[in-house]
Amino acid sequence: MKVPVPPHLRDHPDRRRWNARYRTAAPPKFEPHPFVAEAQRVGFPAGPVLELACGRSGSALALAASGRDMVAVDVSDLALSQLVAEAEHRGLAEKITTVVADVASYRPGSARFALVLATYYWDEDAFTSACTAVLDGGLIGWEALVQRPGAGLESTRPWEIEPGSLSARLPPDFEVIDERAMDVDDKMSTRILARRKISSHGRDGG
């Protein structure tokens with residue numbers, strides 16, 4: 001199944017670039033990110049899950065298999081088509097909604113998702129809107145690439161941030177569960193899992 005592409009994204013340079021990468025990439029293993037097990041361990045409320053810049057996501061499949069409704073967003077329709085094909089193979093297609101979008105400008109709405117995920121991706125506006133999209137008591141799991149030690153400021157790339165700086169960017173109504181630096185498969189990253197505090201409005205049920 002081919003995922004439909006909005007007309008305004010057909011010539012988007014990121015769509016073309018990522019589709020080209022996925023055409024020549026090795027077959028996906030569809031392994032879930034460790035965030036899935038960590039989120040299930042600490043617990044999060046009932047409700048759907050959003051994954052941004054998901055690619056050919058094993059996390060979406062794992063969470064769908066656990067009973068969650070997934071919204072999977074990526075600029076690559078090829079990656080999402082491969083995800084849908086695997087979901088159909090596993091009988092999970094009805095649990096996963098795919099959205100072809102430029103993640104930097106995608107706005108998921110307010111307090112809609114029990115868990116929001118993004119891995120190896122960074123955009124300040126996307127992070128801000130992702131936090132807004134988390135339900136009271138829900139989680140955000142985010143991993144962004146960081147600059148290699150010794151690289152000068154002139155080599156800083158827009159998709160890299162400072163190690164350990166995600167917590168400083170969280171809104172004040174979030175509390176950090178875990179924040180750490182990672183170095184896996186020659187990718188250096190900073191990772192955070194945080195929970196949105198339950199407001200007095202949420203506790204009162206009104």
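1. Let's start with Asp-173, which is partly exposed at 27% relative accessibility. For that scale, buried means under 20% relative accessible area, exposed means over 50%, and partly exposed is what falls in between, using a 1.4 Å probe and protein chains only. Keep in mind that this is a predicted model, where local features need pLDDT of at least 70 and side-chain atom pairs count only at pLDDT 80 or more, while totals for chains, interfaces and linings use all residues. Residues are numbered from 1 along each chain as its sequence is written, and side-chain values use heavy atoms, with hydrogens and water left out.

2. What is the partner of Asp-173 in a salt bridge? Arg-196 is, with the closest N and O atoms 2.9 Å apart. Arg-196 sits in strand 8 and Asp-173 in the loop between helix 6 (166-169) and strand 7 (174-184), so the pair ties together parts that are 23 residues apart in sequence. Helices (H or I, at least four residues) and strands (E, at least two) are DSSP runs, numbered from the N terminus. Arg-196 itself is buried, at 15% relative accessibility.

3. How many salt bridges are there by this rule? The count comes to 11, where a salt bridge is a side-chain nitrogen of Lys or Arg within 4 Å of a carboxyl oxygen of Asp or Glu. As background, side chains of opposite charge can pair when their charged atoms come close.

4. Two other pairs deserve a look. Arg-16 and Asp-11 meet through their side chains at 2.6 Å, N to O, in a salt bridge; Arg-16 is partly exposed at 47%, and Asp-11 is exposed at 58%. Glu-162 and Arg-169 also form a salt bridge, at 3.7 Å from N to O. Here Glu-162 is partly exposed at 46%, and Arg-169 is partly exposed at 26%.

5. Now for helix 2 (residues 34-42), where Phe-35, Val-36, Glu-38 and Ala-39 are buried. As a reminder, an α-helix has 3.6 residues a turn, so residues three or four places apart point the same way. The cover over the buried residues of helix 2 includes helix 3 (58-65), strand 4 (113-118), strand 5 (134-146) and strand 8 (187-196). Glu-38 also belongs to a network of salt bridges that links it with Glu-143 and Arg-191. After helix 2 comes Gly-43, with a positive phi near 85 degrees.

6. Is Arg-68 buried or exposed? Arg-68 is buried, at 16% relative accessibility, and it lies in the loop between helix 3 and strand 2 (70-74). Leaving out residues up to four places away in sequence, Arg-68 touches Phe-44, Pro-45, Ala-46, Gly-47, Val-49, Leu-63, Lys-95 and Ala-114; contact means heavy atoms within 4.5 Å. Ala-46 is 22 residues from Arg-68 in sequence, with the C-alpha atoms 8.4 Å apart in space.

7. The side chain of Arg-68 has polar atoms 2.6 Å from the backbone oxygen of Pro-45 and 2.9 Å from the backbone oxygen of Gly-47. A polar contact is a pair of N or O atoms within 3.5 Å; within protein, one must be able to donate a hydrogen and the other to accept it, and residues adjacent in sequence count only if both atoms are side-chain atoms.

8. Finally, Thr-119 is in the loop between strand 4 and helix 5 (124-132) and is buried at 16%. Residues up to four places away in sequence aside, Thr-119 touches His-33, Phe-35, Leu-52, Ala-53 and Glu-143.
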